[in-house]
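Trainee: I would like to learn how to read the charged contacts in a model. Where should I start?

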Amino acid sequence: MSRPTHQLRHEHRVIEKVLRALDGICWRLENATPVPVPALRQTLDFLRHYADRLHHAKEEQHLFPLLEQSGIEDEHGALGFLRQEHTTERELLSELELALDEYQAGDPHASARFALAARQFSQHLLHHIQQEDALLFRLAEALLDEPDKEELTWSLLHAQGQVGAHEAQHYEQTAEALEKAWTI
């Protein structure tokens, strides 16, 4: 049987492509090189929908509850901490969206605000991904018994199916395109 966290790890690799692109976008903005608004919107759309509504939702709705049932403390433990990190990432995304609206409106300081918020978001999410890869997913593989692993695998595949293979493929292609276009 494949590891039930395989899909979540794969999604991390896809998200990292967009974070590399975001780094290149920030570099351009910090060096007074204009970035087209559609590219910024596409990047935020990916982060909002794929990273948060697809990936984080899978963790929160499927992985975390199984780990809680296995005895991992939620509210004051590791899972509560990870949930709080997801909340922080959502708040940073909102800051990015506000800065993008200001950038599109022609505010001369918005590019610096966007770059600052984007760097904070990217650093936060990269650290979060590293924690999950190194600790959470290994913990899940070690703690969950085979029936729970099978349930998690099925739940994640079912969640992926609800999003639609076409939509997931669209976002993975978007990640490839953004990485190719903007990574320095």
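**Salt bridges between helices**

Trainee: What is the relative accessibility of Arg-20?

Mentor: Arg-20 has a value of 38% and so counts as partly exposed; that class lies between buried (under 20% relative accessible area) and exposed (over 50%), with a 1.4 Å probe and protein chains only. This is a predicted model, in which local features need pLDDT of at least 70, side-chain atom pairs count only at pLDDT 80 or more, and totals for chains, interfaces and linings use all residues. Residues are numbered from 1 along each chain as its sequence is written, and side-chain values use heavy atoms, leaving out hydrogens and water.

Trainee: With which residue does Arg-20 form a salt bridge?

Mentor: A salt bridge needs a side-chain nitrogen of Lys or Arg within 4 Å of a carboxyl oxygen of Asp or Glu. Arg-20 pairs with Glu-179, their closest N and O atoms being 2.8 Å apart. The two are 159 residues apart, Arg-20 in helix H1 and Glu-179 in helix H6 (residues 165-182). Helices are DSSP runs (H or I, at least four residues), numbered from the N terminus.

Trainee: How many salt bridges does the structure hold?

Mentor: There are 15. One of them joins Arg-13 to Asp-133, with 2.5 Å between the closest N and O atoms. Arg-13 lies in helix H1 (residues 6-30) and Asp-133 in helix H4 (residues 110-143), so this pair ties together parts 120 residues apart in sequence. Asp-133 is buried at 15%, whereas Arg-13 is partly exposed at 33%. Salt bridges link Arg-13, Glu-16 and Asp-133 in a network.
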